[in-house]
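Trainee: Could we go through this model together before I plan my reading of it? I would like to begin with the overall layout and then turn to single residues.

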Amino acid sequence: MTALELFNVIFVVALALVWWRLHDAAHPGAGPGRDGGHYLAMSGLLVAGLPAPDEQQGGSRRLNDALGRIQRAGGYGETTAFVAEAKQTYEQVVDAFARGNIDGVARLLTDGVRQDFERFIAARQQRGETQALTFIGFRGAEIVDATYEAEMASIEMRFLADLVSVTRDADGKIIAGHPDRVAECAELWTFEYCSGRNSKGWRLAATDTDE
């Protein structure tokens, strides 16, 4: 790739991100609130900074302790299996959200996330907008945080994925993304699990961009 082509890719991705932020500001009631943490980001080059070495060390001990307690409570068998299932959930939910029909993945969502997604999709449809998305693959997927208190387990995952996403308005004009450009998307997804008798399994409890 030439320097000019690289510049064009970065410019397009940055422009898409700016558009989405302006779009959110112009339509405050159209989708899930940022304060609630239920926001599905599908565009922009977003890469998180790394914590200091001392913070990483302490964080690793806390994380391993929480994961051990979740595992002993029956939350999962092996960490690798949990990550694999989380990646599968990511693909399914992202695809359903883009298509505008989350009925098939509703069992994977908490009530709050499901309701926020439904409101966002309804507002998008009311504006006559459509989204086409192609999942290319993962660049990374890792557990970054976990807690276990009063039978409630929470695991936060960082996903770094390549997606091709394009959003069109009611007239078919592209207003975000590009059909021939791959965008790198970094997100934090939080999954919850209740180890009590009424457990519904692991469900998506929050999504956010990883900035």
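Mentor: We shall take the chain as a whole and then some individual positions.

Mentor: Please keep in mind that this is a predicted model.

Trainee: How many helices and strands are there in the chain?

Mentor: The chain has four helices and five strands. Read from the N terminus, the order of the elements is α-α-α-α-β-β-β-β-β.

Trainee: And what share of the residues counts as buried?

Mentor: Of the 211 residues, 41% count as buried. The accessible surface of the chain is about 11,600 Å², and carbon and sulfur atoms contribute 51% of that area.

Trainee: What part of the contacts with a separation of 6 or more comes from residues 24 or more positions apart?

Mentor: Such residues account for 66% of those contacts.

Trainee: Let us look at one helix. What is the span of α3?

Mentor: Helix α3 covers residues 79–99, which is 21 residues, and reaches 30 Å from its first C-alpha to its last. That is close to the 30 Å expected at 1.5 Å a residue.

Trainee: Which residues of α3 are buried?

Mentor: They are Phe-82, Val-83, Ala-86, Thr-89, Tyr-90, Val-93, Val-94, Ala-96, Phe-97 and Ala-98. As a general point, an α-helix has 3.6 residues a turn, so residues three or four places apart point the same way.

Trainee: What do the buried residues of α3 pack against?

Mentor: Their partners are helix α4 (111–126) and the strands β1, β2, β4 (183–194) and β5 (203–209).

Trainee: What comes just after α3?

Mentor: Gly-100 is found there, with a positive phi of about 85°.

Trainee: Which residues have a positive phi although they are not glycines?

Mentor: Ala-150 has a phi of about 50°, and Glu-151 has one of about 70°. Ala-150 is located in the loop between β1 (130–149) and β2 (152–168), and Glu-151 also has its place in the loop between β1 and β2.

Trainee: Are those two buried or exposed?

Mentor: Ala-150 is exposed, at a relative accessible area of 76%. Glu-151 counts as partly exposed, because its value of 43% falls between the 20% and 50% cut-offs.

Trainee: Changing topic, where is Arg-203, and what is the nearest side chain of opposite charge?

Mentor: Arg-203 lies in strand β5. It is buried yet has no salt bridge, and the nearest side chain of opposite charge, Asp-111, is 4.2 Å away.

Trainee: What else does Arg-203 touch?

Mentor: Leaving out residues up to four places away in sequence, Arg-203 touches Arg-107, Leu-108, Leu-109, Thr-110, Asp-111, Thr-190, Phe-191 and Glu-192.

Trainee: There is another arginine I noted, Arg-139. Is it buried or exposed?

Mentor: Arg-139, in strand β1, is exposed, with 54% relative accessibility. Arg-139 and Leu-160 are 21 residues apart in sequence, and their C-alpha atoms are 5.3 Å apart in space. Beyond residues up to four places away in sequence, Arg-139 touches Leu-160, Ala-161, Asp-162 and Glu-184.

Trainee: Finally, the cysteines. How many disulfides does a search of the whole structure find?

Mentor: The search finds zero disulfides. Cys-185 is buried, with a relative accessible area of 1%, whereas Cys-194 is partly exposed at 29%.

Conventions
Residues numbered from 1 in each chain as written. Predicted model: local features only at pLDDT ≥ 70, side-chain atom pairs only at ≥ 80, totals over all residues. Heavy atoms only, no water. Helix = DSSP H or I, 4+ residues; strand = E, 2+ residues; numbered from the N terminus. Buried < 20%, exposed > 50% of the residue type's maximum accessible area, 1.4 Å probe, protein only. Contact = heavy atoms within 4.5 Å. Areas by Shrake-Rupley, 256 points an atom, 1.4 Å probe, with all protein chains shown as cover. Expected span 1.5 Å × (residues − 1). Lys, Arg positive; Asp, Glu negative; His and termini not counted. Salt bridge = Lys/Arg side-chain N within 4 Å of Asp/Glu carboxyl O. Disulfide = S-S within 2.5 Å.
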